[in-house]
Amino acid sequence: MNGFELNSLVLMEVLVDFLFFMLGLGVLSIVYMYVVDSRQTKHAVRRNFPVVGRFRYFFEHLGEFFRQYFFAMDREEMPFNRAKRSWVYRAAKNVDGTVAFGSTKDINEPGAVLFVTDPFPTLAEDYAAARAITIGPHCHQPFTTASFFNVSAMSFGAISQPAVSALSRGAAQAGCWINTGEGGLSPQHLEGGGDIVFQIGTAKYGVRNEAGKLDDEKLLAVAAHPEVKMFEIKISQGAKPGKGGILPGIKVTEVIAMTRGIAIGEDSISPNGHADIRNVAQLLNMLAHVRELTGKPVGFKLVVGGTRFFDELCEAIKERGVEQFAPDFITLDSGDGGTGAAPQSLLDSAGLNIRETLPMVSDKLEEYGLRERIRLIAAGKLITPGDVAWALCAGADFVVSARGFMFALGCIQAMQCNKNTCPTGVTTHDKNLQQGLDPTDKANRVASYVANMEKEVGTIAHSCGVREPRQLNRRHARVVTECGQSVPLDVLYHRQAEQNPVFLRSSAQPEKAP
């Protein structure tokens with residue numbers, strides 16, 4: 001037997017020994033799991049079906065990722081179905097967005113929006129760019145922009161550093177604004193050089209003193225950046241109205257801690273409300289203070305629960321002075337959740353949907369003669385041209401999206417945003433996972449998403465016979481009712497206002513019995 005044959009024999013013996021060792025180790029592991037499962041008392045399935053019962057949790061976990069690929073139909077999934085996500089992916093990649101053989105959308109489903117096409121659509125030579133709108137005309141530095149589709153609030157910390165960089169650069173390329181979210185202003189927000197809306201949350205991150213209160217000097221330092229165009233005071237958000245922001249300590253890195261002004265590695269939990277804003281009068285005082293100090297437009301964001309608050313707000317504004325105390329804008333968030341981590345009870349059941357609140361608030365401001373003074377920004381699952389066009393018809397001046405831009409960055413709706421395990425690097429601070437998100441490439445996708453959104457909303461507008469998207473109004477859209485017939489938006493909302501008590505003025509509400 002030569003040396004080669006001898007070495008081969010030895011190698012085979014080693015491999016056989018290793019195989020038997022691994023088999024033995026596997027048998028021991030199964031025996032160990034059997035003993036543990038049969039004696040533990042916390043899980044009934046594992047106790048009754050030792051070892052095999054463990055596969056339930058494994059398959060349940062895999063189902064989060066594979067359900068959307070193998071089992072769900074194009075229009076079935078929640079919170080975003082495959083048809084809507086696919087449109088965003090195609091728009092962001094700037095590839096052909098046409099489809100063939102008819103729509104998969106059920107246009108007879110109650111709530112479906114149908115646009116009123118004109119027999120004489122706008123000709124190509126008559127197309128016009130979206131009209132520019134000025135926010136805060138009475139400020140020292142009003143903000144004028146033509147962009148009707150912008151990046152909604154996502155905090156640095158809730159999303160990763162490369163994600164913020166990509167959004168900042170992409171928004172600048174597209175000419176739209178980006179909202180910082182409540183996590184403060186980071187260098188990544190500024191690197192794109194585009195327009196920024198700075199959000200002041202309940203914890204005052206980025207503009208707080210050691211006691212957690214608003215620090216005017218830090219606020220002035222933020223306002224000194226020419227990129228910062230407006231300030232938004234967050235009263236509540238769609239994911240969790242009535243509860244503060246939640247950032248797990250595992251996501252609080254050194255950079256995030258420095259940006260927010262908090263300790264490294266500790267859970268960042270914002271208060272569920274502003275301690276210095278407990279009523280309408282204090283809200284107006286804060287709006288006026290921030291506007292006077294910074295010289296820039298100031299508004300607030302909230303999830304609507306009814307119009308009684310807006311009656312009180314509008315009456316106070318009229319009494320104290322429209323020019324000085326009216327918010328320059330109001331951002332209406334939808335009650336059906338958002339990007340943030342939140343208790344399921346709030347995600348599922350707290351706050352009204354944007355489809356109800358946008359026309360409601362627009363009409364309420366019109367009633368008090370404040371509609372032109374206060375601009376409306378709509379948020380809440382508005383990620384496709386049809387969604388955005390509906391919002392413009394219903395009364396929005398601007399539309400903002402968070403999850404739409406997450407899809408543009410590559411999000412696959414893995415639902416891991418709160419676990420630091422996002423597989424696409426969008427909401428994780430794991431460097432190994434972040435490496436999959438290239439800010440330069442994703443910035444181009446963000447810009448393409450905005451460009452294609454503006455193009456297709458324009459296409460809807462031209463089909464309705466108007467020159468540009470801001471000319472859309474309630475006569476240009478209809479909503480399918482439960483009887484299967486569609487009703488124009490202006491008729492539908494007028495009818496709702498007559499039938500629904502949440503539309504009534506507070507003075508018309510019956511008094512409670514003593």
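Modeller: A term to begin with: buried means under 20% relative accessible area, exposed means over 50%, and partly exposed lies in between. Keep in mind that this model is predicted.

Biologist: Is phenylalanine 309 buried, exposed or partly exposed?

Modeller: Its relative accessible area is 27%. Buried needs under 20%, and exposed needs over 50%. Phenylalanine 309 therefore counts as partly exposed.

Biologist: Is phenylalanine 300 buried or exposed?

Modeller: Look at its relative accessible area, which is 0%. The cut-off for buried is under 20%. Phenylalanine 300 is therefore buried.

Biologist: Which residues do ring pairs link into a cluster?

Modeller: Rings pair if their centres lie within 6.5 Å. Linked in this way, the cluster holds Trp87, Phe149, Phe405 and Tyr449.

Biologist: How do helix H5 and helix H17 pack: what is the angle, and what word describes it?

Modeller: H5 covers residues 161-174, and H17 covers residues 439-463. Their axes are 7 Å apart, at an angle of about 45°. That angle makes H5 oblique to H17.

Biologist: Is the crossing of H5 and H17 left-handed or right-handed? And how many nonpolar residues does the contact have?

Modeller: The crossing is right-handed. Residues in the contact include Pro162 and Leu167 of H5, and Val446 and Val450 of H17. By class, there are two charged residues and five polar ones, while the nonpolar residues number 10.

Biologist: Is lysine 442 buried or exposed, and which residues is lysine 442 in contact with?

Modeller: Lysine 442 lies in helix H17. With a relative accessible area of 10%, lysine 442 is buried. Leaving aside neighbours within four places in sequence, its contacts are Ala166, Leu409 and Leu437.

Biologist: Is methionine 258 buried or exposed? And how far apart in space are methionine 258 and glycine 206?

Modeller: Methionine 258 sits in helix H8, residues 254-260. Its relative accessibility is 65%, so methionine 258 counts as exposed. In sequence, methionine 258 and glycine 206 are 52 residues apart. In space, the C-alpha to C-alpha distance between methionine 258 and glycine 206 is 8.6 Å.

Note on methods. Residues are numbered from 1 along each chain as its sequence is written. This is a predicted model: local features need pLDDT of at least 70, side-chain atom pairs count only at pLDDT 80 or more; totals for chains, interfaces and linings use all residues. Side-chain values use heavy atoms; hydrogens and water are left out. Axes are lines fitted to C-alpha atoms, for helices over the stretch in contact, and angles run from 0 to 180 degrees between N-to-C directions. Helices (H or I, at least four residues) and strands (E, at least two) are DSSP runs, numbered from the N terminus. Angles under 35 degrees count as roughly parallel, over 145 as roughly antiparallel, 65 to 115 as roughly perpendicular and the rest as oblique. A crossing is left-handed if the near helix is turned anticlockwise from the far one by less than a right angle, and right-handed if clockwise. Contact means heavy atoms within 4.5 Å. Ala, Val, Leu, Ile, Met, Phe, Trp, Tyr, Cys and Pro count as nonpolar, Asp, Glu, Lys and Arg as charged, and the others, Gly among them, as polar. Buried means under 20% relative accessible area, exposed over 50%, partly exposed in between (1.4 Å probe, protein chains only). Rings of Phe, Tyr and Trp (its six-membered ring) pair if their centres lie within 6.5 Å; planes under 30 degrees apart count as stacked, over 60 as edge-to-face and the rest as tilted.
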